[in-house]
Amino acid sequence: MDTQNGQVPPLRELLGAEPVNNWGRWGEDDELGSVNYLGRSEALAGVAEVRSGESFTLQVQMGRQGGEGDPVWPGRFSIRRKNVRDAQKWADGQTGLDPYPGGLQDADDVAEIALQGSTQYDALGHTWYDGKIWNGYDASTTAGELAKASILPIAEHGIVGRGVLVDMARHRGKRFLDKGETFTHEDLQAAAEQQGVELRPRDVLVVRTGFIGSYYSRDAGEFYEDFVEPGLTYSRELAEWFQAMEIPNLVTDTIANEVTYDPRTGVLLPLHAVFLRNLGITMTEIAQLDELADACAEEGRWSFLYTAAPLKVVGGTGAPVNPIVVR
Ligand code: UVW
């Protein structure tokens, strides 16, 4: 790691005094960012990709039984779900379970969830630096709940468009990328070219590393050890490419959408600052892309209708989602 005096530079230094930026592009009140790019013609461009009607859901299971828990960013927890009504509780005569007229019985449950603890959309106000979030709102607006740039405007809008899957793992002849393995926007373009798919402006960019899929076949201790995911790395050219391509949404099968530490400087998650704060690109993490990738590879067809509706959590920093792709 080439850090000056072993120091990790601040994001301001890494991204520059004048970072690639979309602030103000949709007005000073904007909270949607690059999702503004998705309108009727983008939805129709997605619909135009549908051939067979085959559909895929991209969320990982929440609260998987018999495993080590769901894959989450270290420190977060998997859903904690419990029944408050069920056949056993009816049989036990639990207080509060008064019989319904007619004898109908039911099961009911409650859950504590990390809103970023499953496949999820990140709100634009989820991460920041230098005291400013997306569009220049003050970071103090995040106190208690996100008063600005929460997940709500994105959830109210929804995501519908042409999606393209770029399979970096297949491109590199691997089942899944290694910990800390990096790639650039140029690698994405080369992989797309090899797949024979055109990346068009305003596409929802879906990138497969195989990493989340690998969680289910490896030891959880080994998966989390020295936690460094594979993914995109920051360069100014990459930020400019995402801006020029008007990418509204990046979807990956990793927990945090990018290589965990910038390999050159050691900065943690610099693309969270570039995409969410500066460009207003919402990020979808922990997607399960393996089945979709197999189907795309079988037919050599990598574009589709992508739809997603994160939950409408008022003030949320993100929200769980089960995106649906139709091919
Ligand atoms: C962090 O906030 C650290 O990551 P994520 O965007 O994956 O939730």
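Which helix does Asp290 lie in? Asp290 sits in helix α11, which covers residues 290-299. Before I go on, note that this is a predicted model.

Asp290 has a salt-bridge partner, Arg208, and the closest N and O atoms of the two are 2.9 Å apart. Arg208 belongs to strand β7, residues 204-208, while Asp290 is in helix α11, so the bridge ties together parts of the chain that are 82 residues apart in sequence. Both Arg208 and Asp290 are buried. If we leave aside neighbours within four places in sequence, the contacts of Asp290 are Arg208, Gly210, Gly213 and Asp253. For a sense of distance, take Val251: Asp290 and Val251 are separated by 39 residues in sequence and by 13 Å in space, C-alpha to C-alpha.

Staying with helix α11, the next residue is Glu299. Glu299 makes a salt bridge with Arg327, with 3.4 Å between the closest N and O atoms. This pair also links distant parts of the chain, since Glu299 is in helix α11 and Arg327 is in the segment after β13 (324-326), 28 residues apart. How exposed or buried are the two ends? Glu299 is partly exposed, at a relative accessible area of 46%, whereas Arg327 is buried, at 0%.

Some bridges share partners. Glu49, Arg162, Glu198, Arg200 and Asp203 are joined in this way into one network. The count for the model comes to 26 salt bridges.

One more pair from that set is Arg81 with Asp109, whose side chains meet at 2.7 Å, N to O. Arg81 is in strand β2 (residues 80-85) and Asp109 is in strand β3 (residues 108-112), so this pair ties together parts 28 residues apart in sequence. Arg81 is partly exposed at 47% relative accessibility, and Asp109 is partly exposed at 41%.

Now a charge without a bridge. Asp262 is in the loop between β9 (249-252) and α10 (270-279). Asp262 is buried yet has no salt bridge. Which side chain of opposite charge is nearest to Asp262? That is Arg264, 4.6 Å away. The cut-off for a salt bridge is 4 Å from nitrogen to carboxyl oxygen. Apart from neighbours within four places in sequence, Asp262 is in contact with Leu14, Tyr234, Val267 and Pro270.

Asp226 is in the loop between α8 (220-224) and β8 (231-232). Asp226 is exposed, with a relative accessible area of 65%. Patch residues must have over 30% relative accessible area and no salt bridge, so Asp226, at 65%, clears the area part of that rule.

Last, two backbone angles in one loop. Asp130 is not a glycine, but it has a positive phi of about 50°. Asn135, also not a glycine, has a positive phi of about 65°. Asp130 lies in the loop between β4 (120-122) and α4 (152-157), and Asn135 is placed in the loop between β4 and α4 too. Are they buried or exposed? Asp130 is partly exposed, with a relative accessible area of 43%, while Asn135 is buried, at 11%.

Methods: Residues numbered from 1 in each chain as written. Predicted model: local features only at pLDDT ≥ 70, side-chain atom pairs only at ≥ 80, totals over all residues. Heavy atoms only, no water. Helix = DSSP H or I, 4+ residues; strand = E, 2+ residues; numbered from the N terminus. Buried < 20%, exposed > 50% of the residue type's maximum accessible area, 1.4 Å probe, protein only. Contact = heavy atoms within 4.5 Å. Lys, Arg positive; Asp, Glu negative; His and termini not counted.
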